[in-house]
Structure formats: C-alpha cells, structure tokens
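Biologist: Could you walk me through the charged pairs here, and the reasoning behind the labels?

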Amino acid sequence: AWELVRRDEENVPQPNPVREIAAAVNDRDELLIVTTRHGNTTPPATWRCTVDDLSPDREATLRYSVKPGTIERRTGPYDPEWYSQDVPAVDRAATAAALDALPVNRWTAIECPKWPKNRMGGGWSTVAFDPDRDQILHLGGGHSSYFGNDVAHYDIAAGRWSIAYPPQFALSYNYDLSGPGPWAFNNAPWGNHNYRAYAYAPTCKRLIYLRGPNHTCVYDPERRAWPVDERIETPWPVSKYTTVVCLSPRGLTAWVQNSNPSSPALFLLEQGRRWTALPVNGDPLPTTVTDGSTSSYDSKRDRLLLTTTTDKEPFGQVWTYELKTGRVTKQNPAGRNVIQGKRFAREAVYLPKQDWLLMGYRLDGAVPIYDVAHNRWSTIEIPGSEFIGRDNTGASVDLGLTYDARRDLIWAVMCQLKPGALQVLRLDARTLSPKILP
C-alpha cells in the first residue's frame with residue numbers, strides 16, 4: 001500500500017515530463033537527487049536530503065490519493081464507442097455502389113462520417129490490408145506525433161473507421177520514439193513511427209509488427225487484442241527503420257539489415273510462429289534504407305521485386321528474389337537512370353492484371369511504374385496524385401499503399417487520418433498512355 005509521507009511544492013527538486021532525474025540513497029538514509037538542465041531557464045542541480053521520519057501523513061494521503069483502479073480516459077476519437085455515436089446507419093449497398101462507380105485512372109477521396117482524428121500528422125507508417133475481414137489496418141504515431149497505441153480499422157464494406165480499444169499513453173515520451181519498454185499495460189506496442197515494419201499475414205490471420213530489439217508483436221484483428229502468448233522472438237536484431245515486410249503465399253517475408261549495413265538478409269515467417277533465414281545466392285542482396293526501400297510480391301513469377309535508395313545504383317534499379325531458389329538478380333531495367341531525387345519510394349504495390357509495379361512516388365508530377373514483363377520504367381499521369389509527394393518529385397513518409405485484389409482497387413492512407421486521408425484508385429490500363437522513360 002502506498003502512503004504519502006510528505007508533500008512539498010517549493011524549494012524541492014521538481015520532475016520534468018521530458019527530462020530525466022537520477023537518485024541514490026546510502027545506508028544512512030541520505031537521499032541524493034540530480035536534475036538535468038531544461039532549456040535556458042532551469043540549470044541542472046544536485047539536491048541532498050536526510051530522511052529522519054517516514055511516518056505517513058494520513059490527512060495528506062486522503063487529500064491527494066485516488067481509489068485503486070481509478071482510470072481516466074480521453075473522450076471523442078479516443079473512445080471506441082464514439083465512432084458509432086450520432087452517425088447514420090451503415091448502408092453497405094450504397095457503399096458498394098459508390099466503389100463500383102469510381103472514375104478510372106483518378107485518385108478519389110473517400111468520405112467517412114467519423115475519422116480517427118487522434119492521429120496527428122507525421123506518423124511515418126505504412127498500412128496493412130486484411131482480406132479475411134475486408135478491412136484496412138493502421139498503426140502510427142510517435143515522435144512529435146500521436147503516441148497512443150490503438151489500432152485503427154477501416155471497414156471497407158461499411159465505409160467506417162473505428163479504433164480497437166481505448167489507447168494508452170506513455171505520458172513522458174510524447175516527443176520520443178521508444179516508450180517505457182516495448183509495450184503498454186494492454187500488451188499493445190507503443191504508438192510509433194513504424195515505417196514498413198508491419199503487415200497482415202493471411203497464413204496466420206494476424207497483423208505482424210516487428211520492433212526492436214528482437215520482438216515480433218502479433219495482433220488479432222478479430223479480438224482486437226495483442227495476445228501475449230503469440231509473441232515471437234526474432235533471430236536478428238530488429239530495426240523498424242530498415243525492416244521491409246512483404247506478404248508471399250509461403251508467409252510473411254522480412255528484408256532486413258541483419259547486423260550491420262553490409263549484411264542485408266531475408267527471413268520468412270512460417271505459419272506465424274517461427275522466423276527462418278532464406279537462402280541468398282546470385283547477385284548481392286541490396287541494402288534497405290529508412291523510408292526508401294520497397295519489397296513487393298510478383299505473383300506471376302513467384303518472386304520478390306526489390307527497390308532501394310543507394311548512391312551505388314540508380315534509383316530505378318530493380319532486384320528480384322526467386323522464392324524457390326533464393327537467387328537474387330539485378331534486372332537493369334530500361335529508364336532506371338531517369339528516376340532521381342533525394343530518396344526513392346517506401347511504398348509500392350504489384351498489380352497482377354497490368355503486370356506493373358506502381359510506386360508511391362512522383363517524378364515530375366507523374367507516377368512511375370515498373371513494367372515487369374518488358375523490364376522497363378514508364379510514368380503515368382494520374383489526376384489527384386499530388387498527395388503522394390510533398391513536392392513535384394518524391395514521396396511522403398506518411399503514405400501507405402495497399403492492393404485490394406477482390407475489387408481490383410489500390411488504397412492509399414495518409415497517417416493523419418482526417419478527411420482526404422483515405423484515397424482509392426481504379427486503374428484501366430487500356431485507357432492509359434504510359435510514357436516510356438528513355
């Protein structure tokens with residue numbers, strides 16, 4: 001039982017929500033506390049106190065305490081119930097009709113009655129598609145952005161957003177990238193910049209999220225919970241910055257930096273229970289970089305398509321990885337030298353009907369596509385694609401792209417979940433005129 005000994009508000013060391021304090025005590029019950037500098041007004045200080053009396057102050061304990069189990073929660077978009085309050089009834093037929101009537105070759109913003117507005121901008125995260133429940137899953141936040149640890153669900157057939165549970169917050173870490181340990185009291189990992197470190201795996205019907213130092217967190221979208229007994233240890237030191245996951249029929253693949261930038265590796269998650277190293281032969285496997293590498297599954301050829309950002313190769317270089325043989329091949333596609341910028345795409349989707357790799361990137365206002373069959377780069381003009389990049393050339397660190405095979409649609413989610421953050425695209429290659437890059 002906690003009991004208050006003494007409460008002082010003046011002439012004592014004050015904790016700061018974003019700065020550390022250090023304390024030590026000796027066998028004479030002398031307490032030493034060191035505070036750190038905060039800005040230009042509060043210098044670091046060292047305090048010493050001799051504790052003579054540890055008798056509880058009963059009156060102060062009652063005045064400043066709360067009952068055990070007291071919980072205070074944020075309301076509005078932080079409350080799962082809020083998403084179903086004061087909204088029209090779900091009309092699945094109307095939602096389906098609207099998707100069927102989408103204009104082709106144009107990004108269209110989706111309207112929703114309520115948005116997870118708890119997610120502020122700057123999330124640096126991807127998005128995951130759950131075909132088993134026909135929904136989009138989103139994790140994001142961290143740094144000077146959102147630090148709650150809920151999962152956002154978008155029910156495509158209903159046209160509604162919701163959150164999985166009331167988020168928990170690491171209050172002293174709101175401008176941090178880690179949190180007090182890997183997960184909170186609800187077993188959910190802290191809201192964070194997640195880059196390409198999570199994806200949904202139909203082989204185990206779970207969302208898989210990789211985070212350091214060696215954790216694989218598992219989310220059950222049906223129960224909307226993170227089962228403790230399903231956590232997996234990873235056989236390599238995880239860095240979410242440079243981890244790029246991709247779904248294949250065999251299971252989830254992870255393209256990672258195994259121990260240092262000179263040793264990239266590939267791993268396979270089998271049945272959602274165990275990571276195994278994949279064999280690599282042929283050309284050297286390229287190295288992943290933060291926010292500048294993509295891995296996509298080529299379903300026509302049972303292989304991975306890899307792109308990355310490096311000063312040793314043009315941005316448009318493409319590597320393939322044969323899942324059956326482990327062979328890496330540098331493809332040297334035509335037009336690869338034309339694709340330039342500060343950093344290449346983090347998001348890409350393979351489109352089986354067109355046999356294209358569509359990049360979450362803008363090149364002089366157009367969108368690059370890798371024509372897999374012809375091993376060449378082209379660009380296509382897609383009205384509404386401005387949201388992809390922060391300028392005419394480049395990509396956004398807040399963008400997530402995913403392919404909806406059932407509807408043949410491409411979904412795009414920006415981390416700041418507000419009106420305009422959810423976009424959808426239906427491509428008709430027959431009415432497009434790709435510009436082949438020289």
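Modeller: Happy to! This is a predicted model. Let me begin with D404 and R407, both of which are buried.

Biologist: What makes D404 and R407 a salt bridge?

Modeller: Their side chains meet with N and O at 2.8 Å. The rule asks for a side-chain nitrogen of Lys or Arg within 4 Å of a carboxyl oxygen of Asp or Glu, so this pair qualifies.

Biologist: And why can such side chains pair?

Modeller: Side chains of opposite charge can do so when their charged atoms come close.

Biologist: How do you know that R28 and E30 form a salt bridge?

Modeller: N to O is 3.2 Å for these side chains. That is within 4 Å, so the label applies.

Biologist: Is E30 buried or exposed, and which is R28?

Modeller: E30 has 16% relative accessibility, which is under 20%, so E30 is buried. R28 has a relative accessible area of 57%, over 50%, and is therefore exposed.

Biologist: Why is E270 called partly exposed?

Modeller: Its relative accessible area is 29%. Since that lies between the 20% and 50% cut-offs, E270 is partly exposed. Its salt-bridge partner is R274, with the closest N and O atoms 3.4 Å apart. R274 comes out at 52%, over 50%, so R274 counts as exposed.

Biologist: How many salt bridges does the rule give?

Modeller: The count comes to 28.

Key:
Residues are numbered from 1 along each chain as its sequence is written. This is a predicted model: local features need pLDDT of at least 70, side-chain atom pairs count only at pLDDT 80 or more; totals for chains, interfaces and linings use all residues. Side-chain values use heavy atoms; hydrogens and water are left out. Buried means under 20% relative accessible area, exposed over 50%, partly exposed in between (1.4 Å probe, protein chains only).
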